[in-house]
Amino acid sequence: MSSNRQLMKDAMTSGETLTGTGKGGLLNPEQAKKFISYMTDKTALLKDTRLEQMAAPEKQLDFLLIGSRLIRKATEATSPTELTAANTSRKELRSVKVRLAADITSEFQEDNIERQNAAERIARDLAQQFGNDLADLMLNGDTAATGADVSFLTIGDGIIKQAKTSADTHKYKLAGTDYKGTIFPGMLKLMPNKFKNDRNNMRIYCSSSVADTYILSVTDRATVLGDDTLKTGLFDKFLGIKVFPVEYMPDDVIILTHRLNLVSGVQRAMKVYSQFNQRKDLTEYTMYMRLDPGKIVWDDALVIAYPF
């Protein structure tokens, strides 16, 4: 089996000859898998939530919720007269085509301390940038956006917009900064009891500023836990739920949900091309991918706090 280094080096520098001197083409399944691994490696939100690899532009997401008290007394030779049912939710990922274009100078490739491993470094860095942008879109995408970065934000609607506009998500009016005593308890109270059991996988997604304010309020307590938290910088849980700072989360938005209730999709049919521009003495890398920024699988299992 090819090494990781060779997989990405091949993806970036070899393949079908295109128009002119260009190189590249469709990544094979093993290369695509490694590229996606590179995408998520340094992107905390994508690693924590659900990333679906799509074989086609559309993919159905089915979620089964088993309610309580489904069993009934059985009578011999008698069909049941009362049928119980599980609740199902269906969302659909729909990918859109996106492009990342980057120019890498010859000086970088010649002077890079990794020398012959520069191709792998370029591949990894571009993949991580794709991952960072996908995490940003997953939260902040808005097809109705205007102004700065409109061509980026309008790729698709993100989780924040979906949560605000859905009739089935739960909204908490955000005011003040008392996260420990008011905001987090208020959000948890809005979450239906049937979604509270798996607290190890529940998350409070927030900005770093919100997380810092919360952890400082925890360290105000004259306890060993407070002292240790201040020393280590590790974020304390709130009633068993991990407080999870996210780089691209606005300061005035907090989301409480199960981590697998948030899903983004990446289609495996990725294309990578490279072409050397002699006049500029640089290599032009162009990458194409189809992705869905994100979906809430079960709206009823999400609480969003924001000013309204």
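User: In which helix does D136 lie?

Analyst: This is a predicted model, in which local features need pLDDT of at least 70 and side-chain atom pairs count only at pLDDT 80 or more, while totals for chains, interfaces and linings use all residues. Residues are numbered from 1 along each chain as its sequence is written, and side-chain values use heavy atoms, with hydrogens and water left out. Helices (H or I, at least four residues) and strands (E, at least two) are DSSP runs, numbered from the N terminus. D136 lies in helix α5, which covers residues 118–140.

User: How many helices and strands does the protein chain have, and what percentage of its residues count as buried?

Analyst: The chain has 10 helices and 13 strands. Buried means under 20% relative accessible area, exposed means over 50%, and partly exposed lies in between (1.4 Å probe, protein chains only). Of the 308 residues, 44% count as buried. A contact means heavy atoms within 4.5 Å. Among contacts between residues at least 6 apart in sequence, 75% join residues at least 24 apart.

User: Where is the nearest side chain of opposite charge to D136, and which residues does D136 touch?

Analyst: Side chains of opposite charge can pair when their charged atoms come close. A salt bridge is a side-chain nitrogen of Lys or Arg within 4 Å of a carboxyl oxygen of Asp or Glu. For charge, Lys and Arg count as positive and Asp and Glu as negative; His and the chain ends are not counted. D136 is buried and has no salt bridge, the nearest side chain of opposite charge being K164, 13 Å away. Not counting residues up to four places away in sequence, D136 touches G141, F152 and Y248.

User: Is Q128, also to be located in a helix, buried or exposed?

Analyst: Q128 lies in helix α5. Its relative accessibility is 16%, so Q128 counts as buried. Setting aside neighbours within four places in sequence, Q128 is in contact with Y38, D41, K42 and T43.

User: Which residues are in contact with M289?

Analyst: M289 lies in strand β12, residues 282–296, and is buried because its relative accessible area is 2%. Beyond its neighbours within four places in sequence, M289 is in contact with F35, M39, V96, K97, V98, F130, V266, Q267 and M270. M289 and Q267 are 22 residues apart along the chain, and their C-alpha atoms are separated by 6.9 Å.

User: How many salt bridges does the structure hold, and which residues are linked in a network?

Analyst: The structure holds nine salt bridges. R50, E52 and K59 are linked in a network of them. E52 is buried, at a relative accessible area of 14%, whereas K59 is partly exposed, at 29%.

Another pair is D157 and K161, whose side chains meet in a salt bridge (3.2 Å, N to O). Both are partly exposed: D157 has a relative accessible area of 26% and K161 one of 23%.

User: Why does the salt bridge of K194 with D300 tie together parts that are 106 residues apart in sequence?

Analyst: The closest N and O atoms of K194 and D300 are 3.7 Å apart. K194 lies in the loop between α8 and β7 (202–206) and D300 in the loop between β12 and β13 (302–306), so the pair ties together parts that are 106 residues apart in sequence. K194 counts as partly exposed, at 45% relative accessibility.

User: At what angle do the axes of α8 and α9 cross?

Analyst: Axes are lines fitted to C-alpha atoms, for helices over the stretch in contact, and angles run from 0 to 180 degrees between N-to-C directions. Helix α8 (residues 179–190) and helix α9 (residues 208–219) have axes that come within 11 Å and cross at roughly 125°. Angles under 35 degrees count as roughly parallel, over 145 as roughly antiparallel, 65 to 115 as roughly perpendicular and the rest as oblique. The helices α8 and α9 are therefore oblique to each other. Y179, K180 and F184 in α8 meet V210, T213, Y214, S217 and V218 in α9.

User: What is the phi of D149?

Analyst: D149 has a positive phi of about 60° although it is not a glycine. D149 lies in the loop between α5 and α6 (150–153), and counts as exposed at 56% relative accessibility.
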